[in-house]
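The sequence and the structure come next.

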Amino acid sequence: INGTWAPAFNPNVTTTYTFTPNTGECATTATMQVTITQIPSVIATPNTETICSLQSTGISLSSTIAGTTFSWTTTATDVSGDSSGTGNVISQLLTATGALVGNVQYTITPTNNSCSGTPVNVTVLVTPKPTLTATATSNPICSGSPTAINLAGSIPSSTNFSWNLIQNNVTGGSIGTGNTINDILNTINTTPGEAVYAITPEVNGCRGTTTTISIIVNPIPSVIINPVTGQSLCSGETTAISLSSPVINTNFDWTIVSQNNLNGVLTGPGTSIAQTLSVILPSLGTVTYEVTPTSNGCVGSPVQVSVDVKPIP
């Protein structure tokens, strides 16, 4: 049967078409509806996501076309807990299985009346729980020295560090952030002090277990010389210079700065300088000792003391 269809075919809108036979055809008009289903799209919110290990995704799926359904498949790297599925929300508990940041790629396909739209990819980064290694260049340290604590994380160049602090008999410590702790610590009195740093690693907002490191701070010893003005002896007599310090367990060593016309002058360690000195010529002899205190590897300022030795007339 020959005839014409009207209106012209529209591939974008559902339309009822009418067939009109040509004149002379033994036929009546007929109608037909052609249903057009729009190709759906998918809107993923968010279109990328970063979560911590053992957290759930929260990706909402929507479309501008009512009645659209969604399905997805997954591809994971160093992550477990992902699975293919359907629905309007992707909510899956993911676990990082490696030491570095893993990821899951969700490929989401929208469908409307059996017509599938273009798939959309959404990537979820999964950050493992970071760990920390804190290394002190020297521990214990001497009063007035830097802590020099180097911080390294399990995820290189991505781990950030923050720390709190408790101080006992020391000053100079501070709360802070960074990759090194370089506080100059000083003891308050003549006994050792301690600074305890509680350091927390963090990557992409994911906090790891807090680690503590204790820095012992030893005081710098001083030397007390008695008599402070030195001594004046006769030839053949013995010096009696006592050495002490307010810092316990202090050791003393002395060297000879200068000497003139004397026998019996020696360097040495000890808590007193007791040396029998005699003049070589019948004239005044002199010696100057320099005493250096040391305690727990910390060296104090040297102090000098002089002795005059007179000849026997």
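Contact here means heavy atoms within 4.5 Å. This is a predicted model, in which local features need pLDDT of at least 70, side-chain atom pairs count only at pLDDT 80 or more, and totals for chains, interfaces and linings use all residues. Residues are numbered from 1 along each chain as its sequence is written, and side-chain values use heavy atoms, with hydrogens and water left out.

**A strand residue and its contacts**

L243 belongs to strand β30 (residues 241-244). Strands (E, at least two residues) and helices (H or I, at least four residues) are DSSP runs, numbered from the N terminus. With a relative accessible area of 6%, L243 is buried. The accessibility classes are buried (under 20% relative accessible area), exposed (over 50%) and partly exposed (in between), for a 1.4 Å probe and protein chains only. Leaving aside residues up to four places away in sequence, L243 touches V223, I224, I225, F252, W254, G270, T271, S272, I273 and V291. N226 lies 17 residues from L243 along the chain, and the C-alpha atoms of the two are separated by 6.7 Å.

**Disulfides**

How many disulfides does a search of the whole structure find? The search finds two, where a disulfide is a pair of cysteine sulfur atoms within 2.5 Å. One of them joins C52 to C206, with an S to S distance of 1.9 Å. C52 lies in strand β5 and C206 in strand β26 (residues 206-207), so this pair ties together parts that are 154 residues apart in sequence. The torsion about the S-S bond of C52 and C206 is about -100°, so the disulfide is left-handed. C52 counts as buried at 16% relative accessibility, and C206 is buried with a relative accessible area of 3%.

C142 and C298 form a disulfide with their sulfur atoms 2.0 Å apart. Distant parts of the chain are linked by this pair: C142 is in strand β17 (residues 141-142) and C298 in strand β37 (residues 298-299), 156 residues apart. For C142 and C298 the torsion about the S-S bond is about -100°, so the disulfide is left-handed. Both C142 and C298 are buried. Counting bonded cysteines along the chain, the disulfides follow the pattern 1-3, 2-4.

Two further cysteines have accessibility values. C26 is exposed, with a relative accessible area of 80%, while C234 counts as partly exposed at 29% relative accessibility.

**Cis peptide bonds and positive phi**

| Site | Backbone feature | Value |
|---|---|---|
| A6 to P7 | cis peptide bond | omega near -5° |
| T45 to P46 | cis peptide bond | omega about -5° |
| N113 | positive phi, not a glycine | phi about 50° |
| N261 | positive phi, not a glycine | phi near 65° |

P7 is in the loop between β1 (3-6) and β2 (15-21). P46 lies in the loop between β4 (43-45) and β5 (48-52).

Is N261 buried or exposed? N261 is buried, with a relative accessible area of 13%, whereas N113 is exposed, at a relative accessible area of 59%.
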